[in-house]
Amino acid sequence: MKTTNNVFRLFLKGKAGVVGLVILSAFILVAVFAPLISPYPPYERVGTPFEQPSIKHLLGTNDIGQDILSEIIYGTRISLLIGILSAGVSLVIGTIVGMTAGYLGGKVDAVLMRAVDLNLVIPMLPLMILLAAFLGPSFWNIVLVIGILSWASPARVIRSQVLTIKNKGYVEAVEVLGAKPFYTIVKHILPPTMSIIISQLILMSSRAILTEASLSFLGLGDPTQKSWGIILYYAQARSAFLTDAWLWWILPPGILITILVISFAYIGNTLEEIVNPRLRRNVGK
Amino acid sequence: MADAPLLTVAKVRKTFRQKLRWSERKLGDDYKNVFAVDDVSFALERGETLGIIGESGCGKSTTARILVGLVRPDSGSIIFQGKEILGNRASDVAAYRKEVQIVFQDPYEYLNPRMRLKDIICEPLVINGNIQDNRKTAIAEELLDHVGLNPPNEYLNRFTHELSGGQRQRVAIARALALRPKLLIADEPTSMLDVSVRAGILNLLRSLILEHRMSMIFITHDIATAGYMCDRIAVMYKGRIIEIGKRDEVINTPQHPYTKALVQVCDNLQGFISEREHYILDGEVDSFEQGGHCCFAPGCVCRDGECHCQDQGSQELIEVSPEHFVACAHCH
Amino acid sequence: MAVLEVRGLTTVYKTQNGDALALDCLDLDLDKGEMLGLIGESGCGKTTAGYSILRSIKYPGVILQGTVRLAGTDLAQLSEAELRKHLWKEIAMIPQCAMNALNPSHKINSQIFEAIEVHEPKTPKNEIQARIDTLLNSVGLNSRWKDSYPHKLSGGMKQRVVIAMALACNPKIIIADEATTGLDVLVQAQIMALLKKIQIEHDLGILLISHDLAMVSQVCERIGIMYAGSLVELGSTDRILENALHPYTKALLTSQVSLHGIHKIVKPIEGIVPSLTEKFIGCKFRDRCKHRRELCGIEMPKLEEIERGHWCACHFSRELGDVIHG
């Protein structure tokens with residue numbers, strides 16, 4: 001049996017996971033202590049527009065004279081938050097669908113799994129763009145759009161785990177006692193699935209951060225909440241690509257998105273290798 | 001006996017659909033029906049222990065699973081304390097489930113490794129909604145003490161992986177007792193345990209039955225264990241009961257050729273080896289078609305034309321002496 | 001005369017908590033044409049004993065010391081290649097879960113063929129084929145089964161195939177490790193009958209490793225009882241059943257349900273087997289023993305010949321048993 005302790009020990013053996021964890025912790029610290037770290041308030045004009053990097057403004061200023069470094073530091077908050085929240089939404093849906101399909105089986109399973117297949121074959125980004133444009137740009141709309149459209153792959157993984165646990169003797173033993181399905185799921189099937197849910201949450205977060213950046217870059221993000229995607233959107237809209245400004249206006253948020261996504265992916269993949277029965281042989285024993 | 005039996009099982013039948021191998025499939029027919037339990041009937045008195053013995057795959061475990069509601073039979077009836085259980089009255093079924101509990105074969109599989117013993121043992125009460133949180137410890141302690149895990153407070157907060165196989169099986173028994181059932185089903189409770197601890201579990205079950213005036217259905221593949229535990233013994237073969245009767249009669253004067261062979265193997269293996277042609281046809285008999293003859297005929301030493309019968313191939317159970325029934329054409 | 005002589009065979013398993021002493025100084029003789037039963041509960045080292053005798057134990061199992069003489073040759077002195085030649089030809093194994101020992105993707109015929117060809121490369125092909133037919137017949141299988149894949153066969157039939165393979169190169173000794181575990185009662189009995197038959201026909205020495213004292217005592221001439229890695233009693237079946245000397249053997253006998261004694265109350269052996277990783281001083285059974293005395297905690301009892309051909313490792317076996325002198 002895998003205890004939490006055991007998972008943790010195996011996790012520390014995988015180097016990628018540890019690297020990811022260190023990077024992610026750094027980002028979280030930056031997000032939490034943004035007001036302390038950032039040199040200026042991000043929504044105030046603290047310089048002249050289009051300033052080049054200087055001691056005063058390490059990454060220059062944007063088109064309306066806001067400090068880009070401060071924007072990026074605060075952007076960490078929004079990007080992380082959107083990523084984790086949308087992953088949360090997709091995992092809530094995915095867990096419910098996966099648990100129901102796996103536990104009840106039969107026709108319910110067949111119907112739900114066809115829905116999952118449908119969800120997996122539809123090209124996601126165009127659909128998201130469409131939906132985001134239709135709902136209008138706001139923080140919560142972005143969270144919902146990403147969440148609602150990306151529950152399929154976690155649902156699938158969770159279902160397969162439920163199928164394994166459902167056939168364990170102790171689940172059967174509880175059924176003999178007259179337990180209702182809800183009780184059995186919450187008490188006996190959810191706990192051993194938790195580690196898989198968490199690894200999925202982390203993987204989905206990285207994807208959500210990337211998706212949010214894409215949507216925002218296309219102008220579908222919430223313009224009042226400065227995420228890294230929004231920064232990129234404004235940079236592009238103000239022709240930063242055509243001047244030297246891309247060096248300090250586009251490159252830093254771009255690199256940060258990449259690093260954050262990679263750190264999530266490292267953690268998520270390592271966790272998944274440990275907890276997903278089908279990948280387990282790759283790590284340890 | 002004056003009272004109606006506690007449990008009456010009549011003509012219970014269950015077939016499983018088995019997927020055929022590619023080579024055996026016919027067009028449009030990927031499955032064949034396998035009789036897991038075929039026309040099984042018996043009655044169980046209050047306070048009585050019935051042993052069901054048979055080889056693996058003979059349907060003894062499926063019978064147990066039908067009785068606790070894990071498997072739904074295709075047809076038949078189960079009457080418990082005068083009420084039909086296979087009808088759809090949900091309240092009857094719920095009441096029945098509280099009265100009938102099972103101890104499974106594998107104590108490693110059937111206890112949740114993430115739960116503390118206290119919670120495992122009290123779970124039946126939690127599920128059936130009659131326990132307050134503050135009573136849990138007291139009830140669990142009493143039950144642990146009851147199944148011989150002393151001192152109970154040392155075990156309350158342990159996890160199953162800290163226990164030996166025998167101790168786990170005791171926990172499983174404690175859980176089964178929590179609802180004070182009238183019927184306990186023990187599905188090979190000692191076959192996964194080490195020889196030296198088996199006796200402990202057997203004796204525990206015997207004393208609990210007496211103390212709580214429970215009935216028990218004890219499933220095993222070992223006729224000696226059945227003899228030790230049971231008042232009556234039923235022998236199953238290929239899904240059917242082929243012999244049922246009082247323990248001493250089945251063991252001392254077995255009638256069916258299969259039972260005779262079982263008793264001889266257990267009683268005197270040397271004798272069986274030196275004259276096994278008297279008990280069972282030697283070699284491996286595996287190619288047999290269902291239907292048309294007694295299910296034991298392919299391996300039977302006394303088969304002849306009479307063993308062929310019209311319907312599904314079942315010989316009827318015939319009463320050879322009071323309460324001793326045998327399904328063999330040669331035994332009357 | 002002994003074909004197989006095991007002396008001081010000691011095997012440990014390397015674990016995180018140190019070495020687990022799975023086999024502690026095993027001394028054992030197996031005579032020609034004799035069936036010797038080795039009994040013990042799970043984890044008592046009986047399987048380890050089987051593999052250690054064959055020197056085919058794999059890491060984390062390590063043989064620390066001991067000699068295994070097979071018809072005079074010390075298996076320990078042989079090189080890998082020479083050892084491999086000896087296995088099958090001199091000594092063969094019927095492994096635990098023999099049903100899984102067959103490769104599911106090859107026909108029965110080719111599996112036996114390969115086994116013979118590897119060990120006797122000079123034998124002509126048609127001779128091998130003829131021998132396979134004879135082998136299958138001698139284990140009670142129709143030779144038409146040889147063109148089947150293992151999954152077509154029932155458990156008992158697979159077991160027969162595995163026995164046929166063990167016999168393929170005419171070994172002098174067969175080690176059967178739980179050869180009938182997991183089979184149905186009647187099939188078990190038939191397999192035991194088969195082992196008995198080949199023992200007599202081929203004048204084979206068979207080491208029968210099992211947990212089932214009742215069954216083994218019916219077919220073996222001698223029995224060895226193992227507990228926590230050590231052989232605690234060894235003697236003729238009759239003497240052990242009549243007059244067990246070691247307290248563990250006695251307890252084991254009274255813990256078994258038998259068909260004769262269904263009215264007798266059986267008694268479990270209280271307590272648990274000590275951990276094999278512990279460094280043990282004294283008798284390993286003492287915590288569960290009713291007769292323990294001070295000496296049991298100080299000195300480990302050695303296997304001694306208490307009466308003729310009846311060995312026991314207990315300080316007080318002379319007092320506890322009804323020993324025949326002379």
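**View 1. How H2(A) passes H4(A): a left-handed crossing.** Left-handed here says that the near helix is turned anticlockwise from the far one by less than a right angle. This is a predicted model, where local features need pLDDT of at least 70, side-chain atom pairs count only at pLDDT 80 or more, and totals for chains, interfaces and linings use all residues. Residues are numbered from 1 along each chain as written, chains are lettered from A in the order in which they are written, and side-chain values use heavy atoms, without hydrogens and water. Helix H2 of chain A spans residues 15-32 and helix H4 of chain A residues 68-104 (helices being DSSP runs of H or I, at least four residues, numbered from the N terminus). Their axes come within 8 Å and cross at roughly 110° (lines fitted to C-alpha atoms over the stretch in contact, with angles from 0 to 180 degrees between N-to-C directions). H2(A) and H4(A) are therefore roughly perpendicular (65 to 115 degrees).

**View 2. Two domains of chain B.** Chain B splits into domain 1 (7-230) and domain 2 (249-332), with bounds from an automatic or database domain assignment. The contact (heavy atoms within 4.5 Å) draws eight residues from domain 1 of chain B and seven residues from domain 2 of chain B. Between them, the two domains bury about 680 Å², 67% of it on carbon and sulfur atoms (accessible area, 1.4 Å probe, lost on being put together, summed over both parts).

**View 3. Who touches whom.** Of the two pairs of chains in contact, chains B and C share the most contacts. Chain A and chain C don't touch, and their nearest C-alpha atoms sit 14 Å apart.

Key
Helix = DSSP H or I, 4+ residues; strand = E, 2+ residues; numbered from the N terminus. Parallel < 35°, antiparallel > 145°, perpendicular 65-115°, else oblique.
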